[in-house]
Amino acid sequence: MLAIVIPYFKLTFFRDTLESLGKQTDKRFKVYIGNDNSPNCPERLLQVCTFDFTYKKFEENLGGISLVKQWERCLQMLEDEKWVMILGDDDVLGENVVEEFYKNITKVEEKNISVVRYATIKINETGEEISKLYKHPVIEKSTDFIFRKSRSSLSEYIFNRSNVDNVKFKDLPLAWYSDLLAVLEFSNFSNVFTINNSLVYVRISGLSISGMKTNTDKKWKARFKYYYYLLHYKKIFFNVEQQKRLLKLYEKSYINNKYRVYYFIKISYTHFICFGMKYYLSFINSIIKSFKIQKN
């Protein structure tokens, strides 16, 4: 069976999330809701839910310290489900998300694929669509996807639970890039299977991490750590051209924060260990150019 885990904190859009679960055309799923000691109790909404669910309120708020730790705590609520989706408490599932999962699961398992992805559309506070439809190749290597101009959020994926349990999510600030890293690692840096005829609606609002304007510094810190991790520990999974592209993206994450000495030491270390003096000199030149542009 499929488990749908909701790390709950925000009540504002939660009714929409629950209603989308109640409208699923296939009821073969169980929902696990972990309340991160929210000041807004959702129990009145849960009283009218018609689907199978388990609800638990935690006494300690973890999301304010580490969203990943809150995800892990919620995952511990699961029973014997083989596949798991972690759904945001403000995101919405199309009516046939579960149905299409079961229609395709045999193909997924025959191909030994551990990550399933859905097409997505961004919505705003009122549920209005504010983006194009994001579709993907039916089968795509995860190491190709991260370089393609697209988007990604945790709610649009279903993961093989054994990979989640064994590999675990990496704890990055705000869990920013933790979902992308999970797609790479939970797929074993191999293929992802996409269901394009069913949608996940990802909400962008002033209450969401993606929509907030006050957390930019933490997002850049997470970006820096993400590329550092890939280049130091997972470099072998990328071809030479992809490694160069990762390096450029890593450099950009520093140049946007170039007054941080610690970042400079870390990125210099990466160049010396992973790439050598030629690329390092080019990087130094990029920093000099950025200072000149800033002065002008």
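**Reading rings and helices**

Q: How many aromatic pairs does a search of the whole structure find?

A: The search finds 26 aromatic pairs. Rings of Phe, Tyr and Trp (its six-membered ring) pair if their centres lie within 6.5 Å; planes under 30 degrees apart are stacked, over 60 edge-to-face, the rest tilted. This is a predicted model, in which local features need pLDDT of at least 70 and side-chain atom pairs 80 or more, while totals for chains, interfaces and linings use all residues. Residues are numbered from 1 along each chain as its sequence is written, and side-chain values use heavy atoms, without hydrogens and water.

Q: What kind of aromatic pair do Phe101 and Tyr102 form?

A: Phe101 and Tyr102 are edge-to-face. Their ring centres are 5.1 Å apart, with 75° between the planes.

Q: Are Phe101 and Tyr102 buried or exposed?

A: Both Phe101 and Tyr102 are buried. Buried means under 20% relative accessible area, exposed over 50%, partly exposed in between (1.4 Å probe, protein chains only).

Q: What about Phe189 and Phe238, and what angle lies between their planes?

A: Phe189 and Phe238 are edge-to-face too, with 85° between the planes and 6.1 Å centre to centre. The two residues are 49 apart in the chain, so look in two loops. Phe189 is in the loop between helix H7 (178-186) and strand E9 (191-203). Phe238 is in the loop between H8 and helix H9 (240-255). Helices (H or I, at least four residues) and strands (E, at least two) are DSSP runs, numbered from the N terminus.

Q: Why does each of these two Phe residues count as buried?

A: Phe189 is buried because its relative accessible area is 6%. Phe238 counts as buried because its relative accessibility is 4%.

Q: Which residues do ring pairs link into a cluster?

A: Trp71, Tyr157, Phe159, Phe169 and Phe186.

Q: How should I read H8 (residues 216-233) and H10 (residues 261-275)?

A: Start with the axes: lines fitted to C-alpha atoms over the stretch in contact, with angles from 0 to 180 degrees between N-to-C directions. The axes of H8 and H10 come within 11 Å and cross at roughly 20°. The two helices are therefore roughly parallel (under 35 degrees; over 145 is roughly antiparallel, 65 to 115 roughly perpendicular, the rest oblique).

Q: Which residues in H8 meet H10?

A: Lys221, Phe224, Tyr228, Leu231 and His232. Their partners in H10 include Tyr263, Ile267 and Phe275. Contact means heavy atoms within 4.5 Å.

Q: At what angle do H9 and H10 cross?

A: At roughly 165°, with axes that come within 10 Å. H9 is therefore roughly antiparallel to H10. Gln243, Leu247, Tyr250, Glu251 and Tyr254 in H9 make the contact. Among their partners in H10 are Phe264, Thr270 and His271.
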